[in-house]
Every structure is written in structure tokens, then in C-alpha cells.
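This briefing is for a reader new to the structure.

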Amino acid sequence: MWLDRLKELKKASGFTTKELADRSGLPGPTLEKIFAGSTKDPKLETMRCLVYSMGFTLDDLIETPGKNGRFTPTEQGIIKKYRSLDGPGQEAVNAILDCEHRRCQDERQRPEKVVELFPTRKYLQSATAGYGDFNDDGSYEMIDLVKRPPVGTSFIVTVNGDSMEPTYHDGDQLFVRA
């Protein structure tokens, strides 16, 4: 029903009935009757003034938001904030909007990036100084590196402890050539 939609538009606009009366030039009591549902068949010109003062059109009153190019309540909130800015504020928003628009356009025109992955074996058992244990069993996982590992890399191990400092630190990942 148009009245429910009108109330949604009023809520989205963020304006009070008094503010709408000031913006539209319509009497406050007339607006109160419309929003209360007392006025069953308001004049077309009255409704036009009312919805325009909220930043909407008559089409918005009868159409679903977000469809057919109409503004959603979120977009209406943005418009309301924008209109409350002074000249320099609007210029700043315009500059940011232009910059972001160009960035999005550039990304859409860029060909799809193909990411090459480099599957590499990473042993689950960490490496320690001293005698240590051999990594000769199947206790490893395959990981995909997004950068090519150094030439000749056979696998990756994680350093455990600080006995290999200052060269290697606890938690470092090492590329190993078998």
C-alpha cells in the first residue's frame, strides 16, 4: 500500500514531519493526517511535493527500492548527508568518488589475473640443531606457494628452538635442497 511505502521513504530520508513541512511548504497538520492515514486520497501535487522534499520521486512511492534504477534507503541516506555538506565537503566527496570510480573501472577492464602456484612439500617435523631426527617418512603436507621457491628447493622445514641463531630463528621456514 502507498501509505506503508510513504512511511518507509520518510524513515529512509531521516526527516521529521516538521522538517518535511518546512522543506515542502506543506502545512504540518496536512502531513500529519497523510502519515496517520486519515487522508485517504491526497492530491497528486501534495504527494509530489512531499516525496520530492524527502529526496524521492513519485515513482519511488509505488516501486520497490533498488529496482528500475531507484534509490535504496542506504543510497537515500548518502544523498541526504551529501546535500548537508558545504561546497568544499561536496568537492572532497566528489574527488574520492571519482577516484574510486576510476579504480573500479580499471579493475573491470583488467584481464583476469592467473595466479601460478608452486606446490611444495613441507615437513611437519621441525628442524633442530644437533643430531635431530631424519625426515625420511611421509609426515609432510603439500602447500601451494604463490612465489617460485629458490631453484633446487626439495622441501621446506620449520626451525625449532634458538640453537641455530643468529642465522636461523625459532619459527623460520627454510627452503632445503636434498
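Leaving out residues up to four places away in sequence, S24 touches L31, C49 and S53, where contact means heavy atoms within 4.5 Å. The model is predicted: local features need pLDDT of at least 70, side-chain atom pairs count only at pLDDT 80 or more, and totals for chains, interfaces and linings use all residues. Residues are numbered from 1 along each chain as its sequence is written, and side-chain values use heavy atoms, without hydrogens and water.

**S24**
- S24 is placed in helix α2; helices are DSSP runs of H or I with at least four residues, strands are runs of E with at least two, and both are numbered from the N terminus.
- S24 has a relative accessible area of 16% and is therefore buried (buried is under 20%, exposed over 50%, partly exposed in between, with a 1.4 Å probe and protein chains only).
- The side chain of S24 reaches the backbone oxygen of L20 at 2.7 Å.
- A polar atom of the S24 side chain lies 3.1 Å from the backbone nitrogen of L26.

**Nonpolar cores**
- The largest nonpolar core has 17 residues, of which L6, L20, L31, L50, V51 and M54 touch the most other members; a core is a set of buried Ala, Val, Leu, Ile, Met, Phe, Trp, Tyr and Cys residues joined through side-chain atoms within 4.5 Å.
- At least two residues of this core come from each of α1 (2-13), α2 (17-24), α3 (28-36) and α4 (44-53).
- With four residues, α1 gives the most to this core.
- A second, separate core of five residues includes Y123, V157, V159 and L174.

**Exposed residue**
- V146 lies in the loop between β2 (140-145) and β3 (155-158).
- V146 counts as exposed because its relative accessibility is 59%.

Note on methods: Polar contact = N/O pair within 3.5 Å; in protein donor to acceptor, adjacent residues only side chain to side chain.
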